[in-house]
Each structure stands twice: as C-alpha cells, then as structure tokens.
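New notebook page. I am going through this structure one look-up at a time and jotting down what turns up.

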Amino acid sequence: MKKLSWNFWGLLPAYLVMSLLMVLPLLIIFYVSFMTSDAYGGYKAIFSLQSYSQIFYTADWDDNLVLNFQYLKIIARTLFLSGATAVICLLVSFPVAYYISRQSNNMKTFLLYLVTLPFWVSMVVRVYACVLILSNDGVLESGLRFFGLIGDIDSLLYNNAAMMVGMVYTYIPLMILPIYASIEKLDTRLIEAASDLYSCRMNTLRSIILPLCKPGIVAGFILVLVPCLGTVLEPMLLGGGKTMMLGNLIQNQFGVARNWSFGASLTVLLLCIVLLFLMFQAHRTSKLRELS
Amino acid sequence: MNILAMFKPNRDAKHYPGFGAVGVLFFTFLYLPILVIIAYSFNSNRIVSVWQGFSWQWYASALQNEGLLNSLRVSLTVALFATLVATVIAVSAALVLERGQNVKHAKLSQGVVNLPLMLPEIVFAVAILILFSQLGIQSGMLKLILAHSAFCIPFAFLPIRARLQGMDNNLEQAAQDLYATPLVTFRRITLPLIAPGIFAGSMLSFVISMDDFITSNIVSGGGATTLPVYIFSLVKQGVSPELNAISTLIMVASLLIATPCWLIAKRSR
C-alpha cells in the first residue's frame, strides 16, 4: 500500500500540469471550433459548423456557398512543402549518416557533435542565417548574378523554394540522428557477405542496407514532417507573408484576423493530420515488435 | 602517391563512393550561413554585404540596446522558473517510472509526460492562449512561465530517465537493506548518482525555454517580450549589422552551454 502511494504522489505533478496545461486547452480548442466566432476576438457560445465550412466554402453576395480554394491551397502547399522537405532531408541524410558511421570513433563523436550543435542555437537565429544568405545582394545572390545564372531582378527570398531551404536547414538534424542510430545497429558482416556473393554496391544498398534501416528512416521522416506541418517562422520570414502555410494561417486567426473559431477548426484539422502520421508510425513499430 | 590512391577503386564493400562528398557538402550547408553571420558581424559598413573593415562597433551597440537587454532579462527569468518547475516534476516522474514497483499504467504515464513532443508547437500555443484568456490571466510573465514549464517537462525528463536506466539499483537496495528510509536513500544515494542526468535535463529545458519562439510569440504581450520574439521583430525589419552581432553573441552562448552538456553525456555513456 505504501509503495503505491509513493508512485501516486510522484506522478501526480506531471499529470496535473499535463492535464491542466495540455489536455484541457486542447479540449477547449475542440469546443471553440464548433462555436460561432465573435467579431472582436473570442467566441459566442452558439453551436455552428460555420468555421469548418469556411475552410472549403465562402458565402457570396447571395448567401450561397461557393467553393473557395484560398485555404485549400494553403493546406495543399503545407502538405506538399512538408513532404518535399522530408524527402530532401532523407536523400541528403542517408549518405551523411552512412558516411559518419564509417569514420573512426573520435571522428564519429565530433561529427555527431557538429550535427547536434545547431539544435542549441535559437531557431530564430538559424532562420535569420537563411535570410542573410538568400537576401537581396546576399552572398548567394551576388554569386549567382556574377556567373549570370539569375537575372538582375530575380530575388531568392519570398517564395516556396526559400521556405523549403529554411525548413531543410532547421530540421535536417532530426532526420540524421535516427538514421545514424539504425545504421550503427546494422551488422556490417551482412554487407561483406552480400559482396562475397557478387552483389554490386547498389544492389547491397537496395536489398540489405535500406530495408534494415527502415525503422530509422520512418522515424526520421515523421520527426521532420510533424514540425514542418506546423511551422511558423519559415513562412513568415522566408515566405514573406504572401505565401502562407497552415502554421501561420492559424496564428493569424488568433492575431490580426481575430477569428478564433476558424483558427480553432484549422488547429483541429492540423492535429488530425499529425495524429494520422503518428498513428501510422505507432502501427508500424508495434508490427515490427511483433515480428521480432 | 596518396593522391593516386584516392583515384584507385576502393575494394571495401562497405565503402560507397560519393557519400563522402555529400557529407562534406552537408556540413558546408549547415555551417556556411553561420560563418557568414559571424564574418559580417565584424564588418564596419552599415550595408551588410559590402566589406569595409574590421570593427567591434556593432557589438558595442548591441550591448547598449535597451530592448535587447530587457528581453534577455525576461527570457532568463522565464527560463529559470520554467526549468526549476520542469526539472522537479521530471525527476519525480522519472523516479516513479524507472524505480517504482507495480506502477499502474506506466505506458500511459510515459505518454502523458512526453505529450508536448507529439504536438506541433503551434497547436499547443493557440490552445494555451485560449485557456489563459478564459482564465483571465493578465500577467505576461506568469503566462510565459506556465506555458514554458509545461513544454519543458519532456526535455528534462528524457536525460534523467536515460541516466536512471543506465545505472543498476544495487546501491539503492543496499541502502534500504541497511534500514535507510526512502528519503535518506534518495538524498544520499540516488540523487548524487543521477546528478549528471539532472544537470543535462535542466540545461536542455533551460535552452529549450530560452530558444522558444512560437509559443512565446503568441502568449506574450502584457509587457513581456522574450529574446527570440525581440530578435524576430528585428529580423522582420531586415538584415542589419547589429543583428549579425546579436546572433553571433547568441551562438557563442549556445556553444558555451552545449559543449559541457555534450561532454557530460559522452562521459556517462
């Protein structure tokens, strides 16, 4: 009996904080998303599905609902850019992680230190680094202009590509670490065995290394994708405000746009997308555990 | 001779040609922007990209910037309180989950403690904003401390749990066999042993709190601007030499915090 009470009191603060500051606010968001929004911020306690229909439709001057692509475009852009970012991160991370795993022990430690170091640096500063590189007359632009690769009026900032560069830059370490961990666990004798049996390198990579690293690859993919879906800084600083993503669309609803219930419904939507990916991964890992 | 050897086909089956080149490119991509910031921060010219000469002047003007110093003060206060709260909660939760006997719903409790890691931060930020406005909390400082405490908990929890998993509990059991009360065992045996984990966890949550932008940007107001939110407002005004100096100072501070943590984590492994 005494042991149980130690357990109870030890976990109580964590449960209290999480239920009051995490679960309760999420329930409120869910509730607000079904309410009518108040023009002055806040909401009126009248049930309505208006905030959800606003994602797809807009009312024209006759009060007929017309399909509105404005928000659907933002959602599609968010999904596309996040997916593309995760794919680019994967294509770069795998060779890098493999390269690190082939180094001597001291070199490995040093390179991993270099990979994790940016995490300790403020995200705003890291995105600012991208702004500085891509800015008008910045290093990259003057370089490209010197070689005549871009015209005089082209700008590298404020477009989808700039946002993607920023997202890859901020989130790529999240992809390298799990892939590196899974490569380190790999039994290298399998690679030698494959080569002894006259498998070429590409074939070994495809049929031995990649399948065995799949858990790390999937984990890294989810780790990059989830924060990308809700990212705020890159669209604001590198996208220039015109090209929005779901994250800063939500933020605007609680800021300048003052439409809380629409913001809440977008938040619920984002949460559903993220949960879908997390459930997919949980399903995969539980299946793997059953196999082993 | 060595140069010639580079061009000979490598017979090692584990060697993949081209991966090294990607690695070099990757580290250049990761560190070139940072090096450019540092280099430009010493440029005396007000136009950032035109080099005029070496100068410390932007550091001097950054350190006299009232807004910057105020936001730094807010950030340090918030991070200090949030770290304290998060670490205490994380230590007690980690002790129960790693050392407690017959813990009911251990899986669920793990999930509850790590909940902030599963949500995109913007979701948490707007959710807690609505909560605060419903409760009518006005003080920006209090709002920031509460929100930061919540999302720092898993970052404090994970290193402490890792430390507890890494050591066996023979010493703790020996102490209890010698009639030490649980509190004495904790104070004399467990606490000194998990101190590196607590240090790493609290440092991590301190840095996470100092760096946080998304939540702070939405929740703050009421006279409390944190350092990242202040820097963001500067970045929105455009590239400037003073901003380069501020960024360099922040990166130096991060390096000074990250390196000891890394060394401790390496030694305890």
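I started with residues 12-34 of chain A: the span is 91% helix and 0% strand, and its end C-alpha atoms sit 32 Å apart. Worth noting before going on: this is a predicted model.

Why that span? The UniProt record, an unreviewed entry, puts "transmembrane region" on residues 12-34, 74-98, 110-134, 161-181, 216-240 and 260-280 of chain A. I also checked residues 260-280 of chain A, which came out as 100% helix and 0% strand. The end C-alpha atoms there are 30 Å apart.

Next, chain A as a whole. I counted 13 helices and 4 strands in chain A. Its radius of gyration is 24 Å, well over the 19 Å the globule rule gives for 292 residues, so chain A is more spread out than a compact globule. I also took the extent of the C-alpha trace of chain A along its principal axes, and got about 75 × 75 × 35 Å.

How many salt bridges does the structure hold over all chains? I found 3. In one salt bridge, Lys108(A) pairs with Glu184(A), with the closest N and O atoms 3.3 Å apart. Lys108(A) is in helix H4 (residues 105-120) of chain A and Glu184(A) is in helix H7 (residues 160-185) of chain A, so the pair ties together parts 76 residues apart in sequence.

On to chain B. For chain B, the unreviewed UniProt entry marks "transmembrane region" at residues 21-42, 74-97, 117-135, 141-160, 189-208 and 245-265. Residues 141-160 of chain B are 100% helix and 0% strand, with end C-alpha atoms 28 Å apart. Residues 189-208 of chain B are also 100% helix and 0% strand, and I noted 29 Å between their end C-alpha atoms.

Last entry: where the chains meet. I get 90 residues of chain B in contact with 83 residues of chain A. The two chains bury about 7700 Å² between them, and 80% of that is on carbon and sulfur atoms. Which helix of chain B gives the most to the side that touches chain A? It is helix H2 (residues 19-41), with 14 residues. By class, that side of chain B has 64 nonpolar, 19 polar and 7 charged residues. I looked for salt bridges between chain B and chain A and the count is 0. For polar contacts across the interface, the rule finds 9 residue pairs, both residues at pLDDT 80 or more.

How values were computed. Residues numbered from 1 in each chain as written. Chains lettered and ligands numbered in written order. Predicted model: local features only at pLDDT ≥ 70, side-chain atom pairs only at ≥ 80, totals over all residues. Heavy atoms only, no water. Contact = heavy atoms within 4.5 Å. Buried area = accessible area lost by both parts, 1.4 Å probe. Salt bridge = Lys/Arg side-chain N within 4 Å of Asp/Glu carboxyl O. Polar contact = N/O pair within 3.5 Å; in protein donor to acceptor, adjacent residues only side chain to side chain. Helix = DSSP H or I, 4+ residues; strand = E, 2+ residues; numbered from the N terminus. Nonpolar A, V, L, I, M, F, W, Y, C, P; charged D, E, K, R; others polar. UniProt positions renumbered as here; feature names shortened; annotations may be inferred. Rg over C-alpha atoms; globule rule 2.2 N^0.38 Å.
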